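Have the model open while you read.

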Amino acid sequence: MDAPYARIEQLEPGVVRLLAHNPSAFTFTGTQSYIVGTDCVAIIDPGPALPEHIEALVQAIDGRQVAAILCTHTHRDHSPAARPLADRTGAPVIGCAPLALEAVGPRADASFDGDYRPDHVLHDGEWLDVGGTPITAVATPGHTSNHLCFAWRDTLFTGDHVMGWSTTVVVPPDGDMAAYMASLDKLRQRQDRIYYPAHGPAVINPQQYTRHLLGHRMHRERQILKLIGGGAIEIPDIVASAYPGLDPRLTAAAGGSVLAHLLDLERRGLVERQGDAWTAA
Ligand SMILES: [Zn+2]
């Protein structure tokens, strides 16, 4: 894929983007790491532990003090470079919590970075100082239960919560559609000027885009309810009807998102499950 791998992209004063070479059906061109600040910086989403990506980050940091290495969540395309980069820079790993696996059952799957060990966890509204400017955690569960966005000045680093190239995958058991919708609504009520996501281009009309995403999910929910209204139906048949022309590599993810909608509808008493089939309640 033709994309600016290992190239330093200065997006605005104090914001540099560096693309890791991990393109896929889920990551688009790859994971975008951000270097935020001027004399003292923070790294947001260090990305996969690819040696050339870590080297490119160290080059871009260029000897400046690193206040923190921040992870929005612990998918394997986001957090594995945190520890090697901490070893290179001496900076602490701060940000999202590791998944609390034992407390809530088997939430993790192969896409999770089980080795993630933060030095300090940020909770909603907590902030840290980066060269005199705060970076504030904005808890946005949904894509994963531990997802955080990071606010800096009037920008928001949105990780996988809001992306510039595709809707976000929400797959149970860790992904939760009701939480995701609530987190979208939380962003809609903020006044950020621009979103910098981990995948895809920057979002320059945040409020409008967030409203569009909320509308898209509500449309999907109505679509699923309508299909179920026609009689008992299983998830693969819902996917086939609701996602025409879907990239076959994304079938499982689409099934996960449909399941996330169904579990939310079930909690709200609108649908029922009978084996693998779903019916109206
Ligand atoms: Zn993710």
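This is a predicted model: local features need pLDDT of at least 70, side-chain atom pairs count only at pLDDT 80 or more; totals for chains, interfaces and linings use all residues.

How many residues of β10 are buried? Five of its five, so the strand counts as mostly covered, with buried meaning under 20% relative accessible area. In a regular strand, side chains alternate between the two faces of the sheet. For β10, one side carries Leu148, Phe150 and Trp152, the other carries Cys149 and Ala151, and all of them are buried, leaving both faces covered.

β10 has antiparallel pairings with two strands you can pick out. With β9 (residues 133-139), the pairing runs over five bridges, and there Ala139 stands opposite Leu148. With β11, the pairing is antiparallel again and runs over three bridges; in this case Trp152 stands opposite Thr155. β10 and β11 also make a hairpin, with two residues between the strands. Look at Arg153 in that turn: its phi is positive, at about 50 degrees.

**Salt bridges**

Side chains of opposite charge can pair when their charged atoms come close. Across the whole structure, a search turns up 13 salt bridges. Among them are these:

| Salt bridge | N to O distance |
|---|---|
| Glu9 and Arg17 | 3.1 Å |
| Asp119 and Arg83 | 3.6 Å |
| Arg193 and Asp154 | 2.9 Å |

Is the Glu9 and Arg17 pair made of buried or exposed residues? Glu9 is buried, at a relative accessible area of 18%, and Arg17 is buried too, at 12%.

Asp119 and Arg83 also meet in a salt bridge. Asp119 sits in the loop between α3 (101-104) and β7 (120-121), while Arg83 belongs to helix α2 (residues 82-89), so this pair ties together parts that are 36 residues apart in sequence. Asp119 is partly exposed at 48% relative accessibility, and Arg83 is partly exposed at 34%.

Then there's the bridge between Arg193 and Asp154. It links distant parts of the chain, 39 residues apart: Arg193 is in the loop between α4 (177-188) and β12 (194-197), and Asp154 is in the loop between β10 (148-152) and β11 (155-159). Salt bridges with shared partners bring Glu12 in as well, joining it with Asp154 and Arg193 into one network.

**Helices α6 and α7**

Two packed helices are described by the angle between their axes and the distance between the axes. What is the crossing angle of α6 (residues 235-242) and α7 (residues 251-267)? Their axes cross at roughly 105 degrees and come within 9 Å. That angle makes α6 roughly perpendicular to α7.

From α6, the contact involves Ile235, Ile238 and Val239. They meet Thr251, Ala254, Gly255, Val258, Leu259 and Leu262 in α7. Sorted by class, the contact has seven nonpolar residues, two polar ones and no charged ones.

Where does Gly230 sit? It's in the loop between α5 (206-229) and β13 (233-234). Gly230 counts as exposed because its relative accessibility is 73%, and the cut-off for exposed is over 50%. From Gly230 to Asn22 is 42 Å in space, C-alpha to C-alpha, with the two 208 residues apart in sequence.

Key. Residues are numbered from 1 along each chain as its sequence is written. Side-chain values use heavy atoms; hydrogens and water are left out. A salt bridge is a side-chain nitrogen of Lys or Arg within 4 Å of a carboxyl oxygen of Asp or Glu. Buried means under 20% relative accessible area, exposed over 50%, partly exposed in between (1.4 Å probe, protein chains only). Helices (H or I, at least four residues) and strands (E, at least two) are DSSP runs, numbered from the N terminus. Axes are lines fitted to C-alpha atoms, for helices over the stretch in contact, and angles run from 0 to 180 degrees between N-to-C directions. Angles under 35 degrees count as roughly parallel, over 145 as roughly antiparallel, 65 to 115 as roughly perpendicular and the rest as oblique. Contact means heavy atoms within 4.5 Å. Ala, Val, Leu, Ile, Met, Phe, Trp, Tyr, Cys and Pro count as nonpolar, Asp, Glu, Lys and Arg as charged, and the others, Gly among them, as polar. Two strands pair if DSSP finds at least two bridges between them.
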